Amino acid sequence: MITEELDTPIGRMVTAATSAGICFLNFSDKVTDFPIPDEDKNDVAQRHILTLKQELKEYFESGRKEFSVALDIFGTGFCTMVWKELLKVPYGTTTTYIQQANSLKIPKSVRAVAKANALNRIVILIPCHRIIGSNGKLTGYSGGIDRKRWLLLHEKKYSLPIDNELFDIT
């Protein structure tokens, strides 16, 4: 595993990659448990970091809507299931913890789903920032509510439909 720090418009982040993909991405001021790199720094893991850096740059600068960088997701079976469900939440949209639990067909597990979201180790790429409270309010986010708000507004900005009157698309 290799690690690297990245500067973004909403703060410094730490990422880690294995030969299988990105296994960690979070804001450095919110992380108390940094990944410890192995001595073996392989070229495949480094390529994942380079891809991540390019895709994050595109996300922040021009609204990239999907990430293609490989992910190395690990956690309990339940957490992994919840995180994979997060990957289905479309760019520029939000859903609630209740809706997420219902889509997993375990409606009584709302609190467990919320806890699994909080344990997400690959923020932005696994978009836990798109989950809000059932009352429409912004609720917990490992990077802080201000960053969650920024990310949601950023994605809304790039999700607006194009007005064909204003753009020559011929």
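Residues are numbered from 1 along each chain as its sequence is written, and side-chain values use heavy atoms, with hydrogens and water left out. As this is a predicted model, local features need pLDDT of at least 70 and side-chain atom pairs count only at pLDDT 80 or more, while totals for chains, interfaces and linings use all residues.

Let's begin with α1. Helices here are DSSP runs of H or I with at least four residues, strands are runs of E with at least two, and both are numbered from the N terminus. α1 has 20 residues and reaches 28 Å from its first C-alpha to its last, close to the 28 Å expected at 1.5 Å a residue; the expected span is 1.5 Å times one less than the number of residues. At its start, a side-chain oxygen of N42 comes to within 3.0 Å of the backbone nitrogen of V44. That is a polar contact, meaning a pair of N or O atoms within 3.5 Å; within protein, one must be able to donate a hydrogen and the other to accept it, and residues adjacent in sequence count only if both atoms are side-chain atoms. After the helix comes G63, with a positive phi near 75 degrees.

Which residues of α1 are buried? They are A45, H48, I49, L52, E55, L56, Y59 and F60. Buried means under 20% relative accessible area, exposed means over 50%, and partly exposed is in between (1.4 Å probe, protein chains only). Seen down the axis of α1, the buried residues fall within an arc of 140 degrees, so they line one face of the helix. The arc is that of the directions from the helix axis to the C-beta atoms. On the face turned away from the buried side of α1 sit the exposed residues D43 and E61. The buried residues pack against β1 (2-8), β2 (11-18), β3 (21-27) and α5, where contact means heavy atoms within 4.5 Å.

Take I49 in helix α1 as an example. I49 has a relative accessible area of 0%, so it is buried. Leaving out residues up to four places away in sequence, I49 touches I2, E4, T15, A16, A17 and I22. I49 and G21 are 28 residues apart in sequence, yet 8.3 Å apart in space, C-alpha to C-alpha.

Now for the aromatics. A pair of aromatic rings is described by the distance of the centres and the angle of the planes. Rings of Phe, Tyr and Trp (its six-membered ring) pair if their centres lie within 6.5 Å; planes under 30 degrees apart count as stacked, over 60 as edge-to-face and the rest as tilted. Searching the whole structure turns up five aromatic pairs. One of them is Y59 with F60, an edge-to-face pair at 5.1 Å centre to centre with 80 degrees between the planes. The rings of F60 and W150 have their centres 5.7 Å apart and their planes at 50 degrees, so this pair is tilted. F60 is buried at 10% relative accessible area, whereas W150 counts as partly exposed at 30%. Y59, F60, F67, Y91 and W150 form one aromatic cluster.

There is also a charge over a ring: R147 lies over the face of F27, at 4.2 Å from the ring centre. The criterion is NZ of Lys or CZ of Arg within 6 Å of the ring centre and within 35 degrees of the ring normal.

On to α4. Its buried residues are V113, A116 and N117. They cover an arc of only 105 degrees around the axis, which puts them on the same side of α4. The face turned away from that side carries the exposed residues R111, K115 and A118. The buried residues of α4 pack against α2, α3 and β5.

Finally, look at the loops on either side of α4. K105, in the loop between α3 (97-103) and α4 (110-118), has a positive phi near 65 degrees without being a glycine. I124, in the loop between α4 and β5 (131-132), also is not a glycine and has a positive phi of about 70 degrees. Are these two residues buried or exposed? K105 is exposed at 71% relative accessible area, whereas I124 counts as buried at 1%.
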